[in-house]
Amino acid sequence: MKEKTKEFLKKYLIGFILGVVSAGVVIVYAETYFPSNDVTYDNTESGLTSTNVQGAIDELYGVCTTKPAGEQIIEDAGLEKDPYECRYFFTGANPNNYITFNDETAGWRIISVECDGTIKIIKNDNIEDGYSWDSSNGSNVWDRPAMIKTYLNNAFLNQLKNPNQIIPHSWSVGSVTEALTYEFAEQIKNENNIKSQEAKIGLITSSEFIRTNSNTEQCGSTRINYTNSSICKTTNWLNHNETWWTITPYDYGTEASVITIDERGRHIGALARTLKAVYPTLYLSSEIKITGGTGTSSDPYEISL
């Protein structure tokens, strides 16, 4: 519902009594009161749950909401808190986490809802089949800046139609060493040891890929995900049939390397100068609201600021 319509209802149709008189038919009896969220009504026969005016309006008209988008998504999708950080991840083979952004219907998917209310999303398709993380190969430091960071936060960012919905954010850019031998909590700690300068566009971390897998028993760490990759690929929506970059440096050997996710869903170190696919990631403002959609690919979340 558009805001003007909502405001009209709040002003003139404050008290509601709803009664179902036949299947699929609802008669609305309205009386005018002074606007107040404290005004209550009897809804025992309406099938609704709200007992105050604002709740009745929002519930009756569905898309109206005063909740921040992140809070609504956590509630509606039944997301559970991540055991390692204050975050809520979408997990599984194909969760309902599609979102329309940049006028691309279902062109992005939600990785996580953060406890600060921001929403981390990732492009559903790659923007480059092959692009160097840093072509000089002299460094795998994101804030150097890496060539891919410059590209994402200039050429790519300038193409986006709703940059005001994105907030600058720091990124976890700590390196991992021989990641396959780490306890997973230690890997996350190492990634978080270094926070980048704030930027609007980035990439996922190595550990975020693991945390979008619903099969925690067989796929809940980098090490066992590698061993069980044929199984793990079927329970993680972030798998792609190509090799693509993460933001996580890999300390191995003498040449600058970065963790990639290969077509089998395994973490593989790759030289920063090599060409891999690019899936941009960004944080949506905590002030956005859900204006429609259920998160499916055919009915993605719609948002407004």
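**A friendly note on this predicted model**

What covers the buried residues of helix α3 includes strands β5 (104–114), β6 (119–123) and β14 (289–292). Please keep in mind that this is a predicted model.

1. **One side of helix α3.** Which residues of α3 (residues 69–77) are buried? They are Ala 69, Gly 70, Gln 72 and Ile 73. These residues cover an arc of only 160 degrees around the axis, which puts them on the same side of α3. Just after α3 comes Gly 78, with a positive phi of about 65 degrees.

2. The structure holds 2 disulfides. One of them joins Cys 86 to Cys 115, with the sulfur atoms 1.7 Å apart. Cys 86 sits in the loop between α3 and β3 (87–89) and Cys 115 in the loop between β5 and β6, so this pair ties together parts that are 29 residues apart in sequence. The torsion about the S-S bond is about -75 degrees, so the disulfide of Cys 86 and Cys 115 is left-handed. Cys 86 has 37% relative accessibility and counts as partly exposed. Cys 115 is also partly exposed, with a relative accessible area of 41%.

3. **A disulfide between two helices.** Cys 219 and Cys 232 form a disulfide, and their sulfur atoms are 2.0 Å apart. Cys 219 lies in helix α7 (residues 216–219) and Cys 232 in helix α9 (residues 229–232), so the pair ties together parts that are 13 residues apart in sequence. With -100 degrees about the S-S bond, the link of Cys 219 and Cys 232 is left-handed. Are these cysteines buried or exposed? Cys 219 counts as buried at 1% relative accessibility, and Cys 232 counts as buried at 2%. Counting bonded cysteines along the chain, the disulfides follow the pattern 1-2, 3-4.

4. Side chains of opposite charge can pair when their charged atoms come close. How many salt bridges does a search of the whole structure find? The search finds 13. In one of them, the side chains of Asp 82 and Arg 211 meet at 3.0 Å, N to O. Asp 82 is in the loop between α3 and β3 and Arg 211 in helix α6 (residues 206–211), so the pair ties together parts that are 129 residues apart in sequence. Asp 82 and Arg 211 are both buried. Glu 85 forms a salt bridge with Arg 87, the closest N and O atoms being 3.6 Å apart. Here Glu 85 is partly exposed at 22% relative accessibility, whereas Arg 87 is buried at 7%.

5. Glu 104 forms a salt bridge with Lys 123, and the closest N and O atoms are 2.7 Å apart. Glu 104 lies in strand β5 and Lys 123 in strand β6, so the pair ties together parts that are 19 residues apart in sequence. Glu 104 counts as partly exposed at 22% relative accessibility, and Lys 123 counts as buried at 11%. Elsewhere, salt bridges that share partners join Asp 82, Glu 85, Arg 87, Glu 114, Lys 120, Glu 208 and Arg 211 into one network.

6. **A buried lysine without a salt bridge.** Lys 276 lies in strand β12 (residues 275–278). Lys 276 is buried yet has no salt bridge. Which side chain of opposite charge is nearest to Lys 276? It is Glu 263, 7.9 Å away. Leaving aside neighbours within four places in sequence, the contacts of Lys 276 include Glu 128, Asp 129, Tyr 131, Trp 244 and Trp 245.

7. **Backbone points to check.** Most residues other than glycine have a negative phi, and most peptide bonds are trans. Asn 102, although not a glycine, has a positive phi of about 60 degrees; so does Asp 103. Asn 102 is buried at 11% relative accessible area, whereas Asp 103 is exposed at 57% relative accessibility. The peptide bond from Arg 144 to Pro 145 is cis, with omega near 0 degrees. Pro 145 is found in the loop between β7 (128–132) and α4 (147–156).

Conventions:
Residues numbered from 1 in each chain as written. Predicted model: local features only at pLDDT ≥ 70, side-chain atom pairs only at ≥ 80, totals over all residues. Heavy atoms only, no water. Buried < 20%, exposed > 50% of the residue type's maximum accessible area, 1.4 Å probe, protein only. Helix = DSSP H or I, 4+ residues; strand = E, 2+ residues; numbered from the N terminus. Arc of directions from axis to C-beta. Contact = heavy atoms within 4.5 Å. Lys, Arg positive; Asp, Glu negative; His and termini not counted. Salt bridge = Lys/Arg side-chain N within 4 Å of Asp/Glu carboxyl O. Disulfide = S-S within 2.5 Å.
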